[in-house]
Amino acid sequence: MPSHMEYDYIIVGAGSAGCVLANRLSMDPDLRVLLLEAGPRDSHPLIHIPVGNGKIIPKAKYNWKYETEPQPHLDNRRILWPRGKTLGGSSSLNGMIYIRGHARDYDLWRQQGVAGWSYADVLPYFKRAEGNVRGADAFHGEDGPLHVGNAAHGHDLFDAFVASGVEAGYPANPDFNGAEQEGFGRYQFNIRNGRRWSAAAAYLKPVLSRSNLTVETGSLTQRILFENDRAVGVQYARGQEEISVYAAREVILSGGVINSPQLLMLSGIGPADDLAQLGISTRVDRADVGGNLQDHFCVHTVHASNTRTLTDELVRLERGAVSMARAFLTRSGPASAFPLEGGAFIRTSDTLDIPDAQFHFSAGNLLSLIRRPFASHSDDHTRPDAFMCHVCQLRPESRGNIRLRSVDPRETPAIQPNYLSESRDRETMRDAFKAMREVMHQPSLSRLSDGEIWPHPDVRSDAEIDAFIRATGGTVYHPVGTCRMGSDDDAVVDENLKVRGAENLRVVDASVMPTLVGGNTHAPTVMIAEKAADMILGREALDPELYA
């Protein structure tokens, strides 16, 4: 490759947003598009088997393997933060659950002054992206690239989970992305014909043959190149070679909640005092770059099962090999779906208008896929002959930040989520845990349980529950917010996702979310990129769609 080349658009990061942008921008054959990805291609076959992420996540080749700073409110533990480092980004590692969040989340963005991002504004972009097997209606699309399929496991434990929720007084809900979010039901997944349907599979693979689209993997972007205040290109490293490439129109950062603010700060856009300490000349003094970090914090409970679990089928040597072979050869069996189909959104208080906690229920023990595959001791909560549920707080008040450690782009930034630093978050997590535990002890699930093994049943008082949450809680892998979108002068990007104080530079990924949405973040990130593509190409936004 020549040492200097020019494109119309340079996209940094081939994750959920970057793959969407590469597809949409390269639809015009007259536009030259470069997509840069630090990781390798998604060629490992286990990436595409729905349960294969248990074997992929431990591999540094495909996972940035970040970890947080010690968390003062979590017994000073460091929390592992897996993030995808391959085509598809974290959509090549995640649980593939399709959730948009609550309509109120986007209306709140609009109320905070971010024009064009209410739920009525973003609903048509969710629908444009979506290819839902249930068909099109007021809330869903059926022709979009992102395949959305129904839960595939017919396991009694999932039915028992939904029934237990109803027994505990909650409504049943057949569609968390429809008119109402609250209730118990089955998740839908980005799985197609027994294969993970990542952003790369949905948006990138079908257009790789376009002559105007160039995809460079193994390419770590080091800094943004400027002429005065205008972004004109990037410098990236591929092997031992440093390459400069130029953008006639725009540079677009889609590296995610860690890498996008890191690259801005390495390029002189960020908190001036912090940059000066590292000897970085400040181009734009923007204190919020890397700030406003939010994440869904969760805690789980585990029950021994008196019926065969899905992880029994996947992990036991004599059955797991058969399950994987079926998934590879016939796209069927327990390995061709994901054992996390039970879902719920609840209010921890009757004083709330919308759900503030989310459940993910597995008819097996996902801990056994990564930690101790052949555990069997009666009090070992990683054993595969168990089922589990975890609960997260949907809208935490705690805020953290991402900060540079050095000027070396290869050095991991300092990640400080400040989990549970706000007392309201600690109270909400305690109430949510109690609600989850109550559901898990309802008659329908109790009939299939041989008893709670995590935490120990003796953990009952508020103080004991708080200690358990501090000692065991972690992330649901939904960090957002570090390049906050807003109409105020402190916001990193404006409502068109343009970086304030710079020209021809945008951020398009989950880092632009002003606040966390009430649910998983992959689908909202795809939506953001779909909407951003129209902005970048100068197209009129899709007409808002009113909803009940």
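Helices α5 and α16 (residues 522–536) pack at an angle of about 105°, with their axes 9 Å apart. This geometry comes from a predicted model. Angles of 65 to 115 degrees count as roughly perpendicular, and α5 and α16 are therefore roughly perpendicular to each other. On the α5 side, the contact is made by Val122, Tyr125, Phe126, Arg128 and Ala129. On the α16 side, the contact residues are Ala523, Pro524, Val526, Met527, Glu530, Lys531 and Asp534. Sorted by class, this contact has 8 nonpolar, no polar and 4 charged residues.

Helix α5 (residues 119–129) also meets helix α4 (residues 103–111). Their axes come within 8 Å and cross at roughly 125°. From α4 come Ala103, Tyr106 and Asp107, and from α5 come Tyr119, Val122 and Phe126. By class, the contact of α4 with α5 has 5 nonpolar, no polar and 1 charged residues.

Now turn to the strands. Is strand β19 (residues 386–393) enclosed or open? Of its 8 residues, 8 are buried, so β19 is largely enclosed by the rest of the structure. Ala386, Met388, His390 and Cys392 point one way from the strand. Phe387, Cys389, Val391 and Gln393 point the other way. Both sets are buried.

Which strands pair with β19? One is β16 (residues 297–305), which pairs with β19 in the antiparallel sense over 7 bridges. Within that pairing, Val302 has Met388 of β19 as its bridge partner. Another is β18 (residues 357–362), also antiparallel to β19, over 6 bridges. Here Phe359 stands opposite Val391 in β19.

Ile415 lies in strand β21 (residues 414–416). Its relative accessibility is 0%, so Ile415 counts as buried. Ile415 and Glu67 are 348 residues apart in sequence, yet their C-alpha atoms are 7.1 Å apart in space. What else is Ile415 in contact with, leaving aside neighbours within four places in sequence? The contacts are Tyr66, Glu67, Thr68, Glu69, Trp81, Ile258, Leu293, Asn401 and Ile402.

Finally, look at the backbone. Most residues other than glycine have a negative phi, and most peptide bonds are trans. The peptide bond from Trp454 to Pro455 is cis, with omega near -5°. Pro455 sits in the loop between β22 (449–454) and α15 (462–472).

The other two places are asparagines. Asn193 has a positive phi of about 50°, although it is not a glycine. Its loop runs between β8 (191–192) and β9 (195–196). With 57% relative accessibility, Asn193 counts as exposed. Asn504 has a positive phi of about 60°, and it is not a glycine either. Asn504 is found in the loop between β23 (474–475) and β24 (505–507). At 25% relative accessibility, Asn504 counts as partly exposed.

Technical notes. Residues numbered from 1 in each chain as written. Predicted model: local features only at pLDDT ≥ 70, side-chain atom pairs only at ≥ 80, totals over all residues. Heavy atoms only, no water. Axes fitted to C-alpha atoms, helices over the stretch in contact; angles between N-to-C directions. Helix = DSSP H or I, 4+ residues; strand = E, 2+ residues; numbered from the N terminus. Contact = heavy atoms within 4.5 Å. Nonpolar A, V, L, I, M, F, W, Y, C, P; charged D, E, K, R; others polar. Buried < 20%, exposed > 50% of the residue type's maximum accessible area, 1.4 Å probe, protein only. Pairing = 2+ DSSP bridges. Parallel < 35°, antiparallel > 145°, perpendicular 65-115°, else oblique.
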